[in-house]
Amino acid sequence: MTRAEFIDRLKEGLVGLPTTTANDIIADYQTHFDDGIAAGRTEAEVASALGDPVRLARELKAEAGIQRWHQEKNPSAAAGAVFAVLGLGALDILILLPLLMGVIGTVFGFFLAAIGLFIGGGVIMVAGPFAGFPGGPFAAILMGLGLMAGAVFIGALLTIFTIWLVNGVVWFARLHYRLLKPALEPTSVQSTSTSGALA
């Protein structure tokens, strides 16, 4: 594979990443080729040492999604991290997918129930005193506040569980591609050639 082919495939695989991030990655791999050629290696040898550009792009996108999750910790970052991990296409991750989707569906259902409970509590608290709530207006206000507090508690527990779930998926993915590849960061051409010579 030539340098141009490797870089083109890597660029295609990095589509979806922010432009500056993708450009930085491409620049790093261009440097690997420059260093390798300066050391007397051919473009094909450098490309072979660097590995499959399509797979590298998947791993780099997964790492970018994971880094965003660690920095932002919001629903969008969580979804991005999970989908980036699934984008690795690894068999054991795909086997985990049905179980993961079931858990996510259940958590989402509980979130909707908590929202409904909160809204119901608000309605009882506001309208109960005027609608002849059993026990009188004070009971209606306390019941409404209790339901709303319960909804907030359930929402907080679900948020903590969701963070644990995403962190678990991230841990699983990191374990997975540590087994596939010793390091996600591009290895230097020189160290690859040294290890190749030792082998």
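Leaving aside neighbours within four places in sequence, F33 is in contact with R3, F6, I7, E43, V46, A47 and L50, contact meaning heavy atoms within 4.5 Å. The model is predicted: local features need pLDDT of at least 70 and side-chain atom pairs pLDDT 80 or more, while totals for chains, interfaces and linings use all residues. Residues are numbered from 1 along each chain as its sequence is written, and side-chain values use heavy atoms, without hydrogens and water.

F33 is also among the residues with the most contacts inside the largest nonpolar core, together with F6, L10, L14, I25 and Y29; this core has 16 residues. A nonpolar core is a set of buried Ala, Val, Leu, Ile, Met, Phe, Trp, Tyr and Cys residues joined through side-chain atoms within 4.5 Å, where buried means under 20% relative accessible area, exposed over 50% and partly exposed in between (1.4 Å probe, protein chains only). Two or more residues each come from α1 (3-13), α2 (19-38), α3 (43-50) and α4 (53-72), and α2 gives the most, five residues. Helices are DSSP runs of H or I with at least four residues, numbered from the N terminus. Another core, of 13 residues, lies apart and includes I66, A77, A78 and V166.

| Residue | Relative accessibility |
|---|---|
| V123 | 49% |
| I163 | 29% |

V123 lies in helix α6, whereas I163 lies in helix α7 (residues 137-180). Leaving aside neighbours within four places in sequence, I163 is in contact with W69 and K73. I163 and N74 are 89 residues apart in sequence, yet 9.2 Å apart in space, C-alpha to C-alpha.
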